[in-house]
2 protein chains.
Amino acid sequence: MIELFPRALSAEAFAPFGEIICLDDAEKLSINQGLTTRFHDLFNIDTADNGGRTIVSVFRTEPLPLPHRIEIMERHPLGSQAFLPMDDEPFLVLVAGPGDEINTDSLMLFKTDGHQGINFFKNTWHHFQIGLGKTRDFIVVDRGGDGANLEELKLDQTILIPASVMTQL
Amino acid sequence: MIELFPRALSAEAFAPFGEIICLDDAEKLSINQGLTTRFHDLFNIDTADNGGRTIVSVFRTEPLPLPHRIEIMERHPLGSQAFLPMDDEPFLVLVAGPGDEINTDSLMLFKTDGHQGINFFKNTWHHFQIGLGKTRDFIVVDRGGDGANLEELKLDQTILIPASVMTQL
């Protein structure tokens with residue numbers, strides 16, 4: 001059995017999997033006669049493969065009951081997928097290393113700082129969204145259009161996010 | 001002198017100018033083992049002209065001091081531009097009818113209901129974002145890439161949003 005505990009999300013550690021979306025690091029432009037700061041072009045949208053288009057949705061996510069057994073991971077071979085939280089609470093992000101199989105040693109669980117969003121590169125293995133504590137809304141930027149953009153892989157090993165993770169948030 | 005007062009934003013009245021972004025009207029998909037409702041594909045992104053690409057930014061907007069004289073309107077000939085509020089307060093949206101000149105009789109001031117976002121069609125004359133009351137964040141989806149995507153037009157007539165509008169919000 002493997003128990004996963006979150007580490008703080010940093011650009012370096014997350015670099016193989018995607019981008020961190022963070023206003024502090026963004027290009028800042030003063031517009032609208034000085035009344036607005038534009039935090040410009042926050043991440044790289046990669047949705048054009050196979051005639052794809054960019055779509056924007058909202059995910060309203062209930063808390064994931066813990067402990068949670070990780071049974072299935074997923075990836076989107078045709079497009080990036082970004083999550084921008086509408087509030088300022090942390091959430092968890094579970095990813096795994098590259099390749100068509102998942103090496104469970106490569107599973108990495110991250111905790112955002114409450115202000116970070118994330119943008120998965122296409123083809124990055126990840127768990128579906130892990131909300132904790134309360135119902136939350138996220139703006140999601142991903143790909144619409146034809147083509148099979150969801151692959152799922154079942155994990156045989158017993159891999160848990162233990163309930164004690166709640167107290168570490 | 002013309003004084004502008006806001007009317008409630010409705011899909012019918014806003015139809016010539018753009019789309020209303022509203023979760024209530026969206027297609028709802030149950031995903032993530034039933035833990036997430038996906039409010040799917042909320043508006044039409046139109047950014048591909050002249051090799052454009054979709055970009056996502058955050059606008060952090062200070063309140064517009066009232067009374068405010070409307071001096072300049074703008075439009076984006078190469079792409080749509082969407083505003084999704086990160087909170088649940090109303091904001092104002094000022095638009096004008098089609099054509100290269102602005103007929104001041106066509107100016108329409110709308111007030112959102114606190115949950116609505118908006119997506120301007122490309123080439124729609126509009127005022128820059130009108131935030132009231134406090135500093136607010138909006139997620140903005142518009143176009144990046146080469147080409148002149150900003151036109152501005154100065155209004156000669158005296159057109160005001162009066163201070164009394166504040167008490168009507």
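**Exercise 1.** Which residue has a side chain joined to that of B:Gln81 by a polar contact of 3.1 Å?

*Solution.* The partner is B:Asp142. A polar contact is a pair of N or O atoms within 3.5 Å; within protein, one must be able to donate a hydrogen and the other to accept it, and residues adjacent in sequence count only if both atoms are side-chain atoms. The side chain of B:Gln81 also makes a polar contact of 3.0 Å with the side chain of B:His76.

A note on the model is needed here: it is predicted, local features need pLDDT of at least 70, side-chain atom pairs count only at pLDDT 80 or more, and totals for chains, interfaces and linings use all residues. Residues are numbered from 1 along each chain as its sequence is written, chains are lettered from A and ligands numbered from 1 in the order in which they are written, and side-chain values use heavy atoms, with hydrogens and water left out.

**Exercise 2.** Determine whether B:Gln81 is buried or exposed, and describe its surroundings.

*Solution.* Begin with the position: B:Gln81 belongs to strand E9 (residues 81-85) of chain B, where strands are DSSP runs of at least two residues, numbered from the N terminus. Next, take the relative accessible area, which is 4%, so B:Gln81 is buried (buried means under 20%, exposed over 50%, partly exposed in between, with a 1.4 Å probe and protein chains only). Finally, list contacts (heavy atoms within 4.5 Å): beyond its neighbours within four places in sequence, B:Gln81 touches several residues, among them A:Arg38 of chain A and B:Phe59 of chain B.

**Exercise 3.** Examine the backbone at B:Gln33, B:Asn50 and B:Pro67.

*Solution.* Most residues other than glycine have a negative phi, and most peptide bonds are trans. B:Gln33, however, has a positive phi of about 55°; B:Gln33 lies in the loop between strands E4 (27-31) and E5 (36-40) of chain B and is exposed at 58%. B:Asn50 likewise has a positive phi of about 55°, sits in the loop between E5 and E6 and is exposed at 59%. The peptide bond from B:Leu66 to B:Pro67 is cis, with omega near 0°.

**Exercise 4.** How are chain A and chain B related?

*Solution.* A rotation of 180° with 0.0 Å of shift along its axis superposes chain A on chain B, with RMSD 0.0 Å (least squares on the C-alpha atoms of residues with pLDDT of at least 70 in both). The two copies are therefore related as by a two-fold rotation axis. In chain A, the residue that comes closest to this axis is A:Met86, at 2.9 Å (C-alpha).

Technical notes:
Helices (H or I, at least four residues) and strands (E, at least two) are DSSP runs, numbered from the N terminus.
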